[in-house]
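Me: I am new to this structure and should like to understand the terms used to describe it. Please set each value against its definition.

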Amino acid sequence: MSDLRGGIDLGGTKIQTVIVDAGGAVSGEARRPTPTSGGPADVARAIEDALREAAAGAGVKPEDLQGVGVGSPGDADGKTGVVSGARNLPGWEGSFALGDALSKALGAEVRIGNDVQVAVEGEYALGAGKQHDSLLGVWWGTGVGGGIILDGKPWLGRGAAGEIGHMVVKRNGARCPCGRRGCTEAYAGRAAMEAKARRERSKGVETEIFKVMEKRGKDRLTSSVWEHALRQGDALTESLLRRAIRYLGIGIASAVNLLDVEAVVIGGGLGVRFGDRFMDDLSKEMHKHLFVDGNPPHMQVAELGDLGGAIGASLLV
Ligand SMILES: [Zn+2]
């Protein structure tokens, strides 16, 4: 048996796999698009293919790995390996024993965790959170996810802690993809921002962002589309990003008022893309709402990059 471990970041658009050594260095990686049709068994097969390719790149057989960790969306039960209600994956409204399915397919021990929580734990162990004992991870992407480390340990609550995206920042505010109103994600999540941009366009607001989308061959507003439209000086793009930052600042400040963490790490697709550019603005927005404003938390962008979720997942083993 080698000292290598596998890590898998299961996302709505792609499956990223890595093989890492005991120190967290990546020795193999592969990615696949997430199947857009079929069901959980098809997704599991795509994961298996990607993991086998990454293992081949690292010169190891899957069955010789110490184990494989999976960061999954939806309700991921670390004890049973069952994933339920992963609505951004095809046909995954119900429950599927992903851990068992992968373990059988790969001949290795498989552990399942929440995608954002494992990414935050990865930053805590190997990335932007290394210097700190307590941190709040804010994963700004399609949705807004979060993870909490307190006194050096993940805080999961009864399993559902860290949902900073659903901190209410405005009573009776904008409709959130979760169905409630006024959540941080209703203003800052990429899906909610896209829905807002489409509504503004249908009201006659001029914007280049959908032309940028088409030019780049996309059918939705990916983070790279947001970036290119911002670079072109599109006013709607800038105002929606600023609105997102404003509400993220409110949500983060409320969480910091409660938890008083040493550091806030911003990750996720939009977070990594825009974190450096908007960090000063985000800090300013947060400051307005800090109860104790003389000792603000360190604000940092996630350091492990695109592979962070998969590297974090490997730490489940
Ligand atoms: Zn919500």
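Me: Why is Glu-48 called buried?

Reply: Glu-48 has a relative accessibility of 17%. Buried means under 20% relative accessible area, exposed means over 50%, and partly exposed is in between, with a 1.4 Å probe and protein chains only. Glu-48 therefore counts as buried. Please note that this is a predicted model, in which local features need pLDDT of at least 70, side-chain atom pairs count only at pLDDT 80 or more, and totals for chains, interfaces and linings use all residues. Residues are numbered from 1 along each chain as its sequence is written, and side-chain values use heavy atoms, with hydrogens and water left out.

Me: What makes Arg-52 and Glu-48 a salt bridge?

Reply: The closest N and O atoms of Arg-52 and Glu-48 are 3.0 Å apart. A salt bridge is a side-chain nitrogen of Lys or Arg within 4 Å of a carboxyl oxygen of Asp or Glu, and the pair is therefore counted as one. Both residues lie in helix H1 (residues 40-57), four residues apart, which is about one turn of the helix. Helices (H or I, at least four residues) and strands (E, at least two) are DSSP runs, numbered from the N terminus. Arg-52, at 35% relative accessibility, counts as partly exposed.

Me: How many salt bridges does a search of the whole structure find, and which residues are joined into one network?

Reply: The search finds 15 salt bridges. One of them is formed by Arg-273 and Glu-227, with the closest N and O atoms 2.6 Å apart. This pair links distant parts of the chain, as Arg-273 is in helix H9 (residues 268-287) and Glu-227 in helix H7 (residues 223-231), 46 residues apart. Glu-227 is buried at 11% relative accessible area, whereas Arg-273, at 33%, counts as partly exposed. Asp-281 forms a salt bridge with Arg-242, at 3.5 Å between the closest N and O atoms. Here too distant parts of the chain are linked: Asp-281 is in helix H9 and Arg-242 in helix H8, 39 residues apart. Salt bridges that share partners join Glu-227, Arg-231, Arg-273 and Arg-277 into one network.

Me: How do you know that the length of helix H3 agrees with its number of residues?

Reply: The expected span of a helix is 1.5 Å times one less than its number of residues. The 12 residues of helix H3 (residues 115-126) should therefore span 16 Å, and the end C-alpha atoms are 16 Å apart, which agrees. Asn-114 caps the N-terminal end of H3, with a side-chain oxygen 3.0 Å from the backbone nitrogen of Val-116.

Me: What makes strand E9 largely enclosed?

Reply: Six of the six residues of strand E9 (residues 135-140) are buried, so the strand is largely enclosed by the rest of the structure. Leu-135, Gly-137 and Trp-139 are buried on one side, and Leu-136, Val-138 and Trp-140 on the other.

Me: Why are E9 and E10 called paired strands?

Reply: Two strands pair if DSSP finds at least two bridges between them. Six bridges join E9 to strand E10 (residues 144-150), and the two strands run antiparallel. In E10, the bridge partner of Leu-136 is Ile-148. A hairpin of three residues joins E9 to E10. E9 is also joined by five bridges to strand E12 (residues 263-267), with which it runs parallel; there the bridge partner of Leu-136 is Val-264.

Key
A polar contact is a pair of N or O atoms within 3.5 Å; within protein, one must be able to donate a hydrogen and the other to accept it, and residues adjacent in sequence count only if both atoms are side-chain atoms.
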